[in-house]
Amino acid sequence: MSAISHEVGRRRTFAIISHPDAGKTTLTEKLLLFGGAIQEAGRVRARGEQRRARSDWMKVERERGISVTASVMTFEFDGHVINLLDTPGHADFSEDTFRTLTAVDSAVMVLDAAKGIETQTLKLFEVCRLRNVPIITFINKMDRDGLDPFTLMDQIADQLALEVTPLNWPVGMGGEFQGCYDLLKPRLSCMERTRPEQVPPEGLPLSGVDDAQLDGLLSPRFLNPLREEVEMAHGLCPTFDLESYREGHLTPVFFGSAMYDFGVRELLRALLDLAPAPRPQQAEQRLVKPDEEKVSGFVFKIQANMDPNHRDRIAFFRLVSGQFRRGMKLKHAVTGKILSVHNPLLFMARERDLAEEAWAGDVIGIPNHGVLRIGDTLTEGESLKFTGVPSFAPEILRRVRPEDPMRVKHLENALRQLGEEGVARAFKTHLGSQWIVGVLGALQFEVLAERIRGEYDVPVRFEDAGYITARWLESDDHRLLKKFVDACQAEMAEDYDGAPVFLARNTWRLNDAIKEWSGVRFQKVREGTA
Ligand code: G4P
């Protein structure tokens with residue numbers, strides 16, 4: 001096997017998706033713990049504040065206790081390189097999450113056993129389905145009273161239209177929770193009731209659920225229902241089929257408790273054994289395979305000011321193919337310029353390390369001063385453009401003003417940089433040169449105001465601007481487009497690239513314009529950032 005096939009084959013790049021509070025942060029930490037990437041065990045609850053600090057870089061995130069921006073954590077485990085991409089759980093940040101999901105090969109979906117599928121789970125799942133991202137389900141908080149395991153599996157099957165195969169089975173639930181029985185490699189992992197914080201041992205291998213050793217491990221009160229339920233599960237659920245999972249038709253399910261470490265080891269194992277290695281990626285020109293010699297990849301995220309001491313901007317670059325070496329020269333597909341990548345970063349849990357080399361499937365951070373934008377392709381020379389990293393038209397628009405009118409230039413600078421991160425869209429109106437900021441969720445305004453004040457020292461106010469949505473305008477007929485722009489000056493703005501944007505005051509006006517100007521396209525989604 002060539003070095004590249006070997007390196008690609010041992011990589012797993014995935015994200016965890018969940019509704020807020022289902023336990024994504026706890027599970028992330030436990031995966032890092034089992035994977036040996038961090039050392040502190042079993043203190044998740046007591047050290048909530050510090051726990052958040054680990055994957056949340058930014059002050060605002062810590063203050064609000066939510067994870068706003070996606071981060072990357074890379075660690076090695078059992079001969080594999082694992083790249084865990086963190087996705088924000090809050091509904092308001094779905095665009096960032098959407099783009100992160102363009103950079104993974106599989107996902108873990110965390111459900112709260114008491115709540116089952118929630119609104120945000122559903123949204124994120126749909127994004128995964130759109131891209132055929134295979135999903136492993138982790139049903140968390142079995143140590144609390146929740147829904148019956150069969151009800152939970154039915155919910156997944158019905159609401160997500162997926163086949164469901166349990167790979168382990170819970171013994172008891174809530175106050176009665178005893179542990180989990182592994183259905184793939186039969187063994188019982190039991191909770192020590194007097195010391196629940198103890199990481200559970202893996203348990204002895206068994207011949208199956210009828211193994212007599214189980215009689216010595218569980219009282220009949222738990223063992224009898226376990227035997228019945230396992231038999232039922234075998235009868236009702238399809239046997240696990242690797243192809244079907246990888247094609248996105250079937251989800252293997254683990255029951256567990258991230259807090260008490262149940263199911264986590266099995267989940268990590270499944271990620272190594274079942275989850276796919278880096279997959280081929282579609283470019284406009286052709287399908288690019290991960291084990292091709294030459295480097296190619298795309299930027300799926302930009303983050304400014306990660307380190308407040310250095311005003312750097314980091315482009316998160318997912319390698320689609322090849323072996324990357326530090327100092328390599330890569331071609332920036334949009335401009336044709338050559339970029340020497342001297343200081344690429346590898347994100348090892350919280351620390352940042354210089355990446356001497358990286359392979360297809362890895363994510364490296366490329367520091368730059370605004371050259372790289374979301375959606376950009378870099379290659380070793382070939383003209384390629386990877387598709388499918390979109391920008392969405394904002395759904396809420398407000399006018400932004402600095403409290404101190406003298407600081408308008410600083411505000412423009414802040415808006416440009418934050419716009420490049422894809423956090424918000426900023427449009428300058430043709431009339432009056434006002435700045436209109438658009439986002440997908442209202443909470444983003446608070447985060448923006450905080451960041452503009454904290455990072456650029458410009459206190460700002462957001463005010464109602466009277467617009468309900470924005471559309472990028474395109475037309476094959478340039479004269480027609482110009483005619484439209486001239487006719488609708490009062491509703492026109494432009495984005496940072498100078499692309500014309502129509503700001504709609506209400507749905508009726510938007511529909512009317514679309515009807516009247518049939519040669520003009522009103523785009524809701526745009527490739528890359530604006
Ligand atoms: P999120 O990232 O998906 O938003 O969830 P997070 O891990 O922050 O967990 C949300 C809450 O659920 C936390 O409680 C966490 O301790 C708890 N939790 C996570 N996994 C389990 C589990 O397996 N069992 C039980 N019983 N609870 C779990 P919190 O009170 O909000 O925070 P903290 O004070 O515990 O840090």
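This is a predicted model: local features need pLDDT of at least 70, side-chain atom pairs count only at pLDDT 80 or more; totals for chains, interfaces and linings use all residues.
## Glutamine 323

Let's start in strand 15 (residues 323–325), where glutamine 323 is found; helices (H or I, at least four residues) and strands (E, at least two) are DSSP runs, numbered from the N terminus. Glutamine 323 counts as buried because its relative accessibility is 15%. The scale here is under 20% relative accessible area for buried, over 50% for exposed and partly exposed in between, with a 1.4 Å probe and protein chains only.

Which side chains have a polar contact with glutamine 323? One is arginine 325, at 2.8 Å, and another is glutamate 357, at 3.0 Å. A polar contact is a pair of N or O atoms within 3.5 Å; within protein, one must be able to donate a hydrogen and the other to accept it, and residues adjacent in sequence count only if both atoms are side-chain atoms. If you set aside neighbours within four places in sequence, glutamine 323 is in contact with Ile4, Glu293, Val295, Met328, Glu357, Ala358 and Trp359, where contact means heavy atoms within 4.5 Å.

## The model and its totals

Residues are numbered from 1 along each chain as its sequence is written, and side-chain values use heavy atoms, with hydrogens and water left out.

The protein has 15 helices and 32 strands. Of its 530 residues, 58% are buried. Take the contacts between residues at least 6 apart in sequence, and 71% of them join residues at least 24 apart. The accessible surface comes to about 22300 Å², with 50% belonging to carbon and sulfur atoms; such areas come from the Shrake-Rupley method with a 1.4 Å probe, and for residues only the protein chains shown count as cover.

## Strands 7, 8 and 9

Strand 8 (residues 179–182) pairs with strand 7 (residues 168–171) in the antiparallel sense, over four bridges. Strand 8 also pairs with strand 9 (residues 187–190), again antiparallel and over four bridges. Two strands pair if DSSP finds at least two bridges between them. Strands 8 and 9 form a hairpin, with four residues between them.

Tyrosine 181 of strand 8 is the bridge partner of tryptophan 169, and in strand 9 the bridge partner of tyrosine 181 is leucine 188.

## Aromatic pairs

Searching the whole structure turns up 13 aromatic pairs. Rings of Phe, Tyr and Trp (its six-membered ring) pair if their centres lie within 6.5 Å; planes under 30 degrees apart count as stacked, over 60 as edge-to-face and the rest as tilted. Phenylalanine 177 and phenylalanine 262 make an edge-to-face pair, 5.3 Å centre to centre with 90 degrees between the planes. That pair links distant parts of the chain, 85 residues apart: phenylalanine 177 sits in the loop between strand 7 and strand 8, and phenylalanine 262 in the loop between strand 10 (250–255) and helix 11 (264–273). Phenylalanine 177 counts as buried at 0% relative accessibility, and phenylalanine 262 does at 2%.

Phenylalanine 298 and phenylalanine 386 form a tilted pair, at 5.9 Å and 50 degrees. Here phenylalanine 298 is in strand 13 (residues 296–304) and phenylalanine 386 in the loop between strand 22 (377–379) and strand 23 (390–392), 88 residues apart. Both phenylalanine 298 and phenylalanine 386 are buried.
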